[in-house]
Amino acid sequence: MDATVAHHRANPLILKLRYGADLDAGDRALLADLFRADRVLEPQQDIVRAGDRATGVHLVIEGFAFRYKIVGDGQRQILGLLLPGDFCDLQSVVLGPSDHYIAALTACTVADVAQDRIDALVFRDSRLARALWWATLVDESILREWLASMGQRSADKRIAHLFCELLLRQQLVGAAGKRDCPLPLTQPMLADILGITTIHVSRVLRDLRMAGLIQLKDRRLHVPDVRRLRNFCDFDTTYLHLVREPDDQDATSPSIRARP
């Protein structure tokens with residue numbers, strides 16, 4: 001395989017955008033050149049701090065990061081998980097100082113890109129601007145789904161729904177198999193995401209394992225029957241706004257799905 005082509009395919013942003021935008025070879029080359037691994041962070045190290053004014057954009061290349069807020073009594077609420085190919089703060093220059101924190105969950109590699117370079121990219125081509133806009137809007141759609149889960153789904157279905165989402169999102173960037181993916185979340189982190197106690201998380205995970213819906217080992221999630229887990233929690237991929245989904249037989253090969 002040509003080294004340039006392989007580099008483009010390995011870039012998680014390009015892998016992700018192929019499921020939501022139509023980019024040509026020139027677009028992919030620009031993105032691959034701009035968003036290169038730049039900085040390695042340790043777990044729990046902040047990427048963005050509340051109150052900071054952005055000077056550029058951060059893209060997760062490897063590892064997991066997370067958004068969080070600290071409420072008045074010092075409690076942490078996790079607001080989003082950032083996986084390879086996810087922007088931390090594409091909207092921050094428009095909004096001004098950040099209203100939340102973003103930190104590395106695992107050892108995390110990010111690309112730091114100055115805002116003027118982002119501006120030059122999106123002003124060059126409306127197709128690229130639309131692709132980056134799609135990525136930002138999907139982040140907001142995921143947050144809405146999380147809020148709906150916290151308000152309406154039972155705890156077992158909340159966790160199952162989150163697991164279905166993380167499996168699919170990692171498949172989009174070639175970081176997961178058909179039925180398994182990395183899962184570096186501790187039980188306290190799951191509690192922060194789902195709005196329940198750590199003890200409740202432990203009980204729900206036990207029940208899901210006993211029902212044969214999931215297996216957890218060595219910080220990996222294994223789903224014996226993906227369709228069964230999706231049916232259990234009514235997982236619908238619509239909120240991810242994919243124009244393609246990973247093929248059932250090959251998670252790295254996109255299959256076309258018409259928009260509704």
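## Ground rules

Two residues are in contact when they have heavy atoms within 4.5 Å of each other. What you're looking at is a predicted model, where local features need pLDDT of at least 70, side-chain atom pairs count only at pLDDT 80 or more, and totals for chains, interfaces and linings use all residues. Residues are numbered from 1 along each chain as its sequence is written, and side-chain values use heavy atoms, with hydrogens and water left out.

Let's start with H161, which sits in helix 7. Helices here are DSSP runs of H or I with at least four residues, strands are runs of E with at least two, and both are numbered from the N terminus. H161 has 3% relative accessibility, so it counts as buried (buried is under 20% relative accessible area, exposed is over 50%, and partly exposed is in between, using a 1.4 Å probe and protein chains only). Leaving out residues up to four places away in sequence, H161 touches E145, S149, R153, C233, D234, F235 and Y239.

## The chain as a whole

The chain has 10 helices and 12 strands, and 48% of its 260 residues are buried. Take the contacts with a separation of 6 or more: 70% of them join residues 24 or more positions apart.

## Nonpolar cores

Nonpolar side chains tend to be buried together in soluble globular proteins. A nonpolar core here is a set of buried Ala, Val, Leu, Ile, Met, Phe, Trp, Tyr and Cys residues joined through side-chain atoms within 4.5 Å. The largest one has 71 residues, and L17, L31, F35, L81, F87, F163 and L185 touch the most other members. Helix 7 (residues 155–172) gives the most to this core, with 10 residues. Apart from it there's another core of 11 residues, including I47, V60, I102 and V110.

F163 is worth a click: setting aside neighbours within four places in sequence, F163 is in contact with L183, L190, L205, I214, L221 and L229.

Helix 5 (residues 115–124) has Q115, I118, L121 and V122 as its buried residues. Looking down the helix axis, these fall within an arc of 120°, so they line one face of helix 5 (the arc is that of the directions from the helix axis to the C-beta atoms). On the other side of helix 5, D116, F123 and R124 are exposed.

## Pocket and cavity

Both come from a 1 Å grid over the protein atoms alone: a cavity is a set of points where a 1.4 Å probe fits but cannot get out, a pocket is an open set with protein on both sides within 12 Å along at least five of seven lines, and lining residues have an atom within 4 Å of a point. Grid points are joined across faces, edges and corners, and a volume is the space filled by probe spheres set on the points.

The largest pocket holds about 660 Å³ of space. Its lining has 34 residues, with R67, C88, Q91, H100 and I102 nearest the centre. Helix 6 gives the most to that lining, with 6 residues. The largest cavity has a volume of about 130 Å³, and among its 13 lining residues K16, D86, V138, R169 and L172 lie nearest the centre. Helix 6 (126–152) and helix 7 are the elements that give two or more residues to that cavity's lining.

## M150

M150 is also found in helix 6, and is partly exposed, with a relative accessible area of 32%. M150 touches Q77, R158, I193, L194 and G195, not counting residues up to four places away in sequence.
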